[in-house]
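Good morning, and thank you for coming. Please look at the sequence and the model as I speak.

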Amino acid sequence: MNFNFHNDSIRGVLRSFGHEDAEVDNIETFVTFARLANGIFREMDTDFSKLGASQGRIIVLSLLHCHSPHRMTPSELAEKADVTRGTMTGLIDGLERDGMIERVAHESDGRMVTVGLKEAGRELLSKIVPYYTKLIRSCMSEFTPQDHKMMKGLLGKMKDGFERSLPKC
């Protein structure tokens, strides 16, 4: 993908509206980052769908795997995955339907359920981990230890700026 073509277009539009070069640099960097992230996630979604998975499903299975042998409640899963309870209910429904997880009555509160990982879920994770490892190794192959340190710092700054932009509730 040629990011420069699109950035040249964006740069021209911004300058025509009187934006300063520093603002143009901010937007150009952000758009380049966002396009790269979208491209990576789009490719991952395509590959995951061939395995009957999605990023959301992998997150749920990973959380359950890391929490194993203990079970988690749907609300705990939603909080850890940073999704709404409704979204988590949909993920749990689909994973249960496909035999990857199971719902079991809560030990001490019969009104609640807990969720646990089944063997089919572990098997799917065992197929996904090598894929993730290969993708990440490929994406990061040109990085030196100093590059990793710098990138983490830069992404931390970007995250802080993003969090400051969110409405305060």
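Helices (H or I, at least four residues) and strands (E, at least two) are DSSP runs, numbered from the N terminus. Leucine 155, for instance, is found in helix H7. This is a predicted model, in which local features need pLDDT of at least 70 and side-chain atom pairs count only at pLDDT 80 or more, while totals for chains, interfaces and linings use all residues. Residues are numbered from 1 along each chain as its sequence is written, and side-chain values use heavy atoms, with hydrogens and water left out.

I begin with the surface. Phe30, Phe33, Met151, Leu155 and Met158 make a nonpolar surface patch of about 420 Å². Such patches are made of residues with over 30% relative accessible area and no salt bridge; nonpolar side chains (Val, Leu, Ile, Met, Phe, Trp, Tyr) are joined within 5 Å, and like charges within 9 Å. Accessible areas come from the Shrake-Rupley method with a 1.4 Å probe, and for residues only the protein chains shown count as cover. Helix H2 (21–50) and helix H7 (145–165) each supply at least two residues of this patch, and H7 gives the most, with 3 residues.

On the H3 side, the contact (heavy atoms within 4.5 Å) is made by Gly56, Arg57, Val60 and Leu61. H5 contributes Met88, Leu91, Gly94, Leu95 and Arg97.

H3 also meets helix H6 (residues 119–139): the axes come within 10 Å and cross at roughly 110°. H3 is therefore roughly perpendicular to H6. Ile58, Leu61, Ser62 and His65 of H3 make this contact with Gly121, Leu124, Leu125, Ile128 and Tyr132 of H6.

Turning to charged pairs, the structure holds 8 salt bridges, each a side-chain nitrogen of Lys or Arg within 4 Å of a carboxyl oxygen of Asp or Glu. In one of them, aspartate 93 pairs with arginine 103, the closest N and O atoms being 2.6 Å apart. This pair links distant parts of the chain, with aspartate 93 in helix H5 and arginine 103 in strand S1 (residues 101–105), 10 residues apart.

Finally, the backbone. A cis peptide bond, with omega about 10°, joins serine 68 and proline 69. Proline 69 is found in the loop between H3 and helix H4 (74–81).

Definitions and conventions:
Axes fitted to C-alpha atoms, helices over the stretch in contact; angles between N-to-C directions. Parallel < 35°, antiparallel > 145°, perpendicular 65-115°, else oblique.
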